[in-house]
Amino acid sequence: MSQQMRPEYDFLPLAPLLVLARLSGPEVAARVGVGRKAAVAWASRGVSVYTADRLALACDLHPAVVWGDEFYSARGARS
């Protein structure tokens, strides 16, 4: 039986988004309809490029403005 491969992703820090958006983690989580547990997880491990995109747009920011080139160079940014 073959082992199912999971894609690998880089995680981006949440802090730059919180600073630019002037919001707390729970406030950002509420903008995308998830709970406080998600905000705590994001703060501790970071966010995938897909989540980063979703969160930045929910805060009326472009993810490249928040994370710069790191957003485009992170694993998972290109398919």
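**Notebook: a look through the model**

My cut-offs here: buried is under 20% relative accessible area, exposed is over 50%, and partly exposed is in between, with a 1.4 Å probe and protein chains only.

Before going on, I wrote down the ground rules. This is a predicted model, where local features need pLDDT of at least 70 and side-chain atom pairs count only at pLDDT 80 or more, while totals for chains, interfaces and linings use all residues. Residues are numbered from 1 along each chain as its sequence is written, and side-chain values use heavy atoms, with hydrogens and water left out.

**Aromatics**

I looked for ring pairs and got one aromatic pair in the structure. Phe 71 and Tyr 72 make it, edge-to-face, at 5.2 Å centre to centre and 75° between the planes. For the record, rings of Phe, Tyr and Trp (its six-membered ring) pair if their centres lie within 6.5 Å; planes under 30 degrees apart are stacked, over 60 edge-to-face, and the rest tilted. Phe 71 counts as buried because its relative accessibility is 9%.

**Overall fold**

I counted six helices and zero strands in the protein chain. Helices (H or I, at least four residues) and strands (E, at least two) are DSSP runs, numbered from the N terminus. Of the 79 residues in the protein chain, 32% are buried. I also checked the contacts (heavy atoms within 4.5 Å). Among those with a separation of 6 or more, 60% are between residues 24 or more positions apart. The accessible surface is about 5,500 Å², with 53% of it on carbon and sulfur atoms; that comes from the Shrake-Rupley method with a 1.4 Å probe, and for residues only the protein chains shown count as cover.

**Loops**

Where is Ser 48 found? I found Ser 48 in the loop between helix H3 (36-45) and helix H4 (49-58). Ser 48 counts as buried because its relative accessible area is 12%. Neighbours within four places in sequence aside, Ser 48 is in contact with Asp 10 and Phe 11.

Most residues other than glycine have a negative phi. Arg 22, not a glycine, has a positive phi of about 55°. Arg 22 sits in the loop between helix H1 (15-21) and helix H2 (25-31), and is exposed at 77% relative accessibility. Asp 60 has a positive phi too, near 60°. I placed Asp 60 in the loop between H4 and helix H5 (63-67), exposed with a relative accessible area of 69%.
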